[in-house]
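Please look over the sequence and the structure shown here before reading on.

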Amino acid sequence: MSDSDDGFAVRFWGVRGSIAAPGPSTVAVGGNTSCVEVCVAGERVIFDAGTGVRALGETLQHRGPVRASLFLSHVHWDHIQGLPFFAPLYEEDALLRAYAGRETGRTLRGALAGQMAFPYFPVRFDDITASVTCTDLAPRDRVEVGARGVTVHGVSGHHPDGAFIYRLEHKGHAVVYATDLESSPEVDARVIEIARGADVLIFDAQYTPEEYAGDGGKRAKVGWGHSTMLDAARLAREAGVGTLALFHHDPAQSDAAVAEKERRAREVFERTVAAREGAVIDVPRAKKGAP
């Protein structure tokens with residue numbers, strides 16, 4: 001996935017939700033929070049800047065000037081807390097264009113600066129040396145990324161404080177990034193519309209149905225803003241996508257638990273994979289169900 005080729009591929013740098021979960025029981029799936037890189041037509045698009053974005057930044061440091069577009073689903077900590085550790089922010093020749101939905105009444109720049117304000121972080125947002133632009137999006141605003149026909153647009157999902165679902169398109173292929181949303185008839189219709197025919201659907205699958213319902217005397221997760229792997233599989237089937245990537249795994253889920261989610265989801269939608277750190281999906285092949 002070089003900056004100059006014509007490929008179209010997705011790489012996972014962080015696949016956990018809520019909080020990073022490193023340790024021996026999560027080493028195969030990974031413990032970093034949300035960060036997905038899409039390289040297409042010489043453009044680098046990043047979805048979310050959880051702790052996984054730190055490793056991405058390290059790989060980019062020595063490749064020349066970094067040019068990237070960052071689309072944030074929302075600004076909860078597990079989706080932005082890696083950004084202050086993204087090495088290109090401290091390079092004078094780097095350019096980062098950041099976007100997020102106008103959901104909370106606070107500007108994107110204000111939210112990003114807030115997490116780096118005293119006493120939370122030693123470096124202020126205004127002190128970073130890269131060129132950073134922040135754009136607040138309304139639903140269905142369309143962003144042209146570069147000059148070779150890459151576009152991104154988003155719609156509102158359903159999550160506390162709001163979150164955006166994004167569709168990235170280029171030459172008839174598409175990747176949909178739909179994390180931090182809770183299934184409901186209204187939201188499902190919106191998901192199916194934006195994901196229709198996509199090569200890859202990256203979808204929130206934080207819980208099992210049992211965890212969501214609170215079976216076994218545990219606290220139910222209804223209203224917490226997340227879905228199950230069976231919700232994801234059902235919607236992938238209804239939207240006619242190529243490959244479904246289960247995403248935003250709960251920090252308490254071990255590698256074995258994630259593999260079991262993957263197995264159960266495949267009973268509903270065969271072309272399902274559990275997102276794992278370091279995994280790459282080639283987008284044109286994903287349309288044929290070959291991640």
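What follows is a short report on this model, going from the whole chain to single residues.

## Basis of the report

The model is predicted, and for that reason local features need a pLDDT of at least 70 and side-chain atom pairs count only at pLDDT 80 or more, while totals for chains, interfaces and linings use all residues. Residues are numbered from 1 along each chain as its sequence is written, and side-chain values use heavy atoms, with hydrogens and water left out.

## Overall build

The protein has 8 helices and 14 strands, where helices (H or I, at least four residues) and strands (E, at least two) are DSSP runs numbered from the N terminus. Its radius of gyration, taken over C-alpha atoms, is 18 Å, close to the 19 Å that the globule rule gives for 291 residues, so the protein is as compact as a globular protein of that length; the rule itself is 2.2 Å times the number of residues to the power 0.38. Along the principal axes, the C-alpha trace spans about 50 × 45 × 40 Å.

Of the 291 residues, 53% count as buried, a term that means under 20% relative accessible area, with exposed meaning over 50% and partly exposed lying in between (1.4 Å probe, protein chains only).

## An open sheet

An open sheet is formed by 7 strands in the order S6-S5-S4-S3-S2-S1-S14, with mixed pairing; two strands pair if DSSP finds at least two bridges between them. Strand S6 (131–137) and strand S14 (280–282) stand at the edges with a single partner strand each, so one side of each is left without a neighbour in the sheet.

S5 and S6 pair in the parallel sense over 7 bridges, and Ala 100 stands opposite Asp 136 in S6. Strands of a sheet pair through backbone hydrogen bonds, either parallel or antiparallel.

In helix H1 (residues 53–60), Val 53, Leu 56, Gly 57 and Leu 60 are buried. These residues cover an arc of only 100° around the axis, which puts them on the same side of H1; the arc is that of the directions from the helix axis to the C-beta atoms. The cover over the buried residues of H1 includes strand S1 (8–14), strand S2 (35–40) and strand S3 (43–47), where contact means heavy atoms within 4.5 Å.

Helix H4 (residues 185–195) has several buried residues, among them Val 187, Arg 190 and Ile 194. What covers the buried residues of H4 includes strand S8 (150–156), strand S11 (200–204) and helix H6 (229–239). Just after H4, Gly 197 takes a positive phi of about 75°.

## The nonpolar interior

A nonpolar core is a set of buried Ala, Val, Leu, Ile, Met, Phe, Trp, Tyr and Cys residues joined through side-chain atoms within 4.5 Å. In the largest one, which has 34 residues, Val 10, Phe 12, Phe 47, Phe 71, Leu 168 and Ile 202 touch the most other members. Apart from that core lies another, of 27 residues, including Val 53, Leu 60, Leu 96 and Ala 100.

## A buried loop residue

Leu 89 is placed in the loop between helix H2 (77–80) and strand S5 (95–101), and at 1% relative accessibility Leu 89 counts as buried. Not counting residues up to four places away in sequence, Leu 89 touches Leu 83, Pro 84, Leu 96, Ile 128, Thr 129, Ala 130 and Val 132.
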